[in-house]
Amino acid sequence: MKKTILITMLFALISTFAFAAKKSKYITPVPKNGQITIKKSQLSKDATYINYKAGDITVQLIAVIADDNTYRLSFNTCQNCNPSPKAFFAQKGKNLVCQNCGNLFTMNDVGAASYGCNPARIPFTQTDSELIVSTEILKQVAPAFKRWQGPVD
């Protein structure tokens, strides 16, 4: 009887954590007039992953709202670890973790630095409601994602 109760409690605890886990958010904007737009209303302090298809290669971006309420955008690949297939970042708690080398970064680091082991900066413009990225830049960077095996949904 005690064993059954213990197993039931353990199952309930595991189920609670499994359903409470936050699923990553993925967006695939439709390119128009040589650019993609990302609605600011779709972003939060958690990572949102933006997918763009450059031919048969998926280029992925990370978009977040930093602690100072600025919008941050970067490529989802580690500059030092690329071209490893695992050179991408996954959110763990309030941090991004390189899946190849294990380095940790805060959401405030997204798009803040270039070079080294961090999410690579990407130029973008913004309006009151959107972030705008040139598809030409995404196409130029696509070869860096050729071996990339990060999740896309």
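This is a predicted model: local features need pLDDT of at least 70, side-chain atom pairs count only at pLDDT 80 or more; totals for chains, interfaces and linings use all residues.

Entry 1: I began with the open sheet of three strands, which runs in the order β6-β7-β8 with antiparallel pairing. The edges belong to β6 (89–92) and β8 (104–106); each has a single partner strand, so one side of each has no neighbour in the sheet.

Next I zoomed in on one pair. β6 and β7 (residues 95–98) run antiparallel and are joined by four bridges. Picking out A90, I found its bridge partner in β7 to be V97.

**Entry 2: T77.** Is T77 buried or exposed? I find it buried, because its relative accessibility is 6%, under the 20% cut-off. T77 sits in strand β5 (residues 71–78).

What does its side chain reach? There is a polar contact of 2.9 Å between the side chains of T77 and N82. A polar atom of the T77 side chain also lies 2.8 Å from the backbone oxygen of A87. Setting aside neighbours within four places in sequence, I listed contacts of T77 that include F88, F89, N118, P119, F145 and W148.

**Entry 3: the cores.** Which residues touch the most other members of the largest nonpolar core? They are L61, F75 and L138, in a core of 23 residues. Two or more residues each come from β2 (35–39), β3 (48–54), β4 (57–65), β5 and β11 (130–134). The largest share is that of β4, with five residues.

Not counting residues up to four places away in sequence, L61 touches I36, I50, L73, F75, I122, V133 and L138, among others.

**Entry 4: the cysteines.** How many disulfides are there? The count is zero. For C81, the nearest cysteine sulfur is that of C78, 3.6 Å away, whereas a disulfide would need the sulfur atoms within 2.5 Å. C81 is buried, with a relative accessible area of 12%. C101, at 38% relative accessibility, counts as partly exposed.

Note on methods: Residues are numbered from 1 along each chain as its sequence is written. Side-chain values use heavy atoms; hydrogens and water are left out. Two strands pair if DSSP finds at least two bridges between them. Buried means under 20% relative accessible area, exposed over 50%, partly exposed in between (1.4 Å probe, protein chains only). A polar contact is a pair of N or O atoms within 3.5 Å; within protein, one must be able to donate a hydrogen and the other to accept it, and residues adjacent in sequence count only if both atoms are side-chain atoms. Contact means heavy atoms within 4.5 Å. A nonpolar core is a set of buried Ala, Val, Leu, Ile, Met, Phe, Trp, Tyr and Cys residues joined through side-chain atoms within 4.5 Å.
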